[in-house]
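Here are my notes after a pass through the model. Have it open while you read.

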Amino acid sequence: MGGKAVIVGAGVGGLATAVGLRRAGWEITVIERRAELDGFGGAAFGINPPAQKALDRLGLGEAFLRKAVPYRQAAIREPGGRTLTRLPLDRVERRGGRPERLIARPHLLRILLDALDGIEIRYGERVGDPAELSGYDLVVGADGIGSGVRAAYFGGRTAQREVGTMAWIGVADTDVDVHGETWGDGAFFGYTPVEPGRTNWYAVLPSPAEAASVRPYFASWHDPIPRLLAATDPATWIGYRMRYLHPALPTYVHGGRVALVGDAAHAMTPNLGQGACSAILDSEALSRAVATHADLPAALRAYDAERRRPSQRVALASRSLHRFITTRHPRLRDGVLRMLPV
Ligand SMILES: Cc1cc2nc3c(=O)[nH]c(=O)nc-3n(C[C@H](O)[C@H](O)[C@H](O)COP(=O)(O)OP(=O)(O)OC[C@H]3O[C@@H](n4cnc5c(N)ncnc54)[C@H](O)[C@@H]3O)c2cc1C
């Protein structure tokens, strides 16, 4: 089966879908409201083994490996520096047959764009009215948490909800020898490798939180937290009010010709680091379904059956983890953590 597809949104989900559908022989148009792609939505992505395998199936595995770094050692600590538990990255690697890896968001977008050489991407164009999409056989809503495609075809009941914290995200031009997350009282700080000589960090504190409040808030937390904040120019920090979609959608497809992928379908809090992974898995599953089914409505049903429940389970787990981390009873939380087997 082939045809004409329009993809709304050129984030990870939209671009990966474009790569997959193009491989399946479809004619693709991508429409992106931004004039150009920027670094919004996380300076680096942790990509788990299943999402890496989906990248392999999209023909992008080697390019990904050239830019990604493995993530093997990380711990959860208290603000004073004491380790509460280790992150089970060895278990992830044993189960997945390869390590979790991190990649800078611009590198991942570049890999996707390079695979789309010759495809029309209409930057600086915002889809407002779904009637604009009527000339296409397939419409893919990859337009993120505030998806207009979702609002137009799936009703307005499912909407973005804030969780009451704000993340400030940055990349420091320095390496550090410990990685992981540090959990305080209603706030946490994460620091991961991203590429040699650079460290990705995110500081999460109760909303609203101005950039100017971040350094003082974390000043007494253990090394390297104040050092990472001091090493990053606040003008480059990205602020993000943490949110997720609620209630979960009853379907990701509509009318035999519309499908949602990525945050448009299941935006989640980033605590499990799986939003982009899920977007990649959606994109690969959708393009595989379209390539292997004789008719489009059957392909979309197969996509929905494969991806909806797993992605919604991850979103729920992520939201629950956010609640656990930011509890106002950190002693109880830390006691539970210490008892966990690692
Ligand atoms: C602090 C933080 C850390 C994270 N860390 C990780 C991690 O380690 N691992 C991981 O897997 N995920 C992580 N994520 C999640 C990840 O960033 C998102 O899940 C992922 O980027 C979603 O991709 P997407 O393509 O679905 O949506 P988006 O990246 O939001 O892309 C949607 C695109 O659609 C465009 N658009 C919107 N409306 C329109 C319109 N009307 N017309 C045209 N274009 C439109 C937007 O401009 C945008 O470019 C993190 C997120 C945050 C906030």
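The points below cover the sheets, the cores, the salt bridges and one surface patch.

1. Ground rules. This is a predicted model, so local features need pLDDT of at least 70 and side-chain atom pairs count only at pLDDT 80 or more, while totals for chains, interfaces and linings use all residues. Numbering runs from 1 along each chain as its sequence is written, and side-chain values use heavy atoms, with hydrogens and water left out.

2. Six strands line up in the order 8-2-1-9-16-15, with mixed pairing. (Strands here are DSSP E runs of at least two residues, helices are H or I runs of at least four, both numbered from the N terminus; two strands pair if DSSP finds at least two bridges between them.) Strand 8 (120-123) and strand 15 (253-254) are the edges: each has a single partner strand, so one side of each has no neighbour in the sheet. Strand 15 runs antiparallel to strand 16 (residues 258-260) over 2 bridges, and Val253 sits opposite Ala259 of strand 16.

3. Strand 13 and its partners. Strand 13 (residues 198-206) pairs antiparallel with strand 10 (residues 159-172) over 8 bridges; Ala167 has Val204 of strand 13 as its bridge partner. Strand 12 (residues 188-195) also pairs antiparallel with strand 13, over 7 bridges, and Phe189 stands opposite Ala203 there. The hairpin of strands 12 and 13 has 2 residues between the strands, and Gly197 takes a positive phi near 85° in it.

4. The cores. A nonpolar core here is a set of buried Ala, Val, Leu, Ile, Met, Phe, Trp, Tyr and Cys residues joined through side-chain atoms within 4.5 Å. Buried is under 20% relative accessible area, exposed is over 50%, and partly exposed is in between (1.4 Å probe, protein chains only). The largest core has 64 residues, of which Leu21, Ile28, Ile47, Leu138 and Tyr303 touch the most other members. Helix 10 (residues 275-292) gives the most to this core, with 8 residues. Apart from it lies another core of 18 residues, including Ala187, Leu205, Leu228 and Leu229.

5. Around Tyr303. Which residues does Tyr303 touch, not counting those up to four places away in sequence? With contact taken as heavy atoms within 4.5 Å, the list is Tyr252, Val253, Ala259, Leu260, Val261, Asp282, Ala285, Leu286 and Ala289.

6. Salt bridges. The whole structure has 18 of them, each being a side-chain nitrogen of Lys or Arg within 4 Å of a carboxyl oxygen of Asp or Glu. Arg308 and Asp304 form one, with closest N and O atoms 3.0 Å apart; both residues are buried. They are separated by about one helical turn because they lie 4 residues apart in helix 11 (residues 296-325). Salt bridges with shared partners also join Arg57, Glu284, Arg288 and Glu306 into one network.

7. Two more bridges to look at. Arg122 meets Glu125 at 2.7 Å between the closest N and O atoms. Arg122 counts as partly exposed because its relative accessibility is 25%, and Glu125 is partly exposed at 29%. Arg198 and Glu195 are bridged at 2.9 Å, N to O, with Arg198 partly exposed at 30%.

8. A surface patch. Val336, Met339 and Leu340 make a nonpolar patch of about 300 Å². Patch residues have over 30% relative accessible area and no salt bridge, with like charges joined within 9 Å and nonpolar side chains (Val, Leu, Ile, Met, Phe, Trp, Tyr) within 5 Å; areas come from Shrake-Rupley with a 1.4 Å probe, and for residues only the protein chains shown count as cover. Leu340 is in the segment after helix 12 (330-339) and counts as partly exposed because its relative accessibility is 46%.
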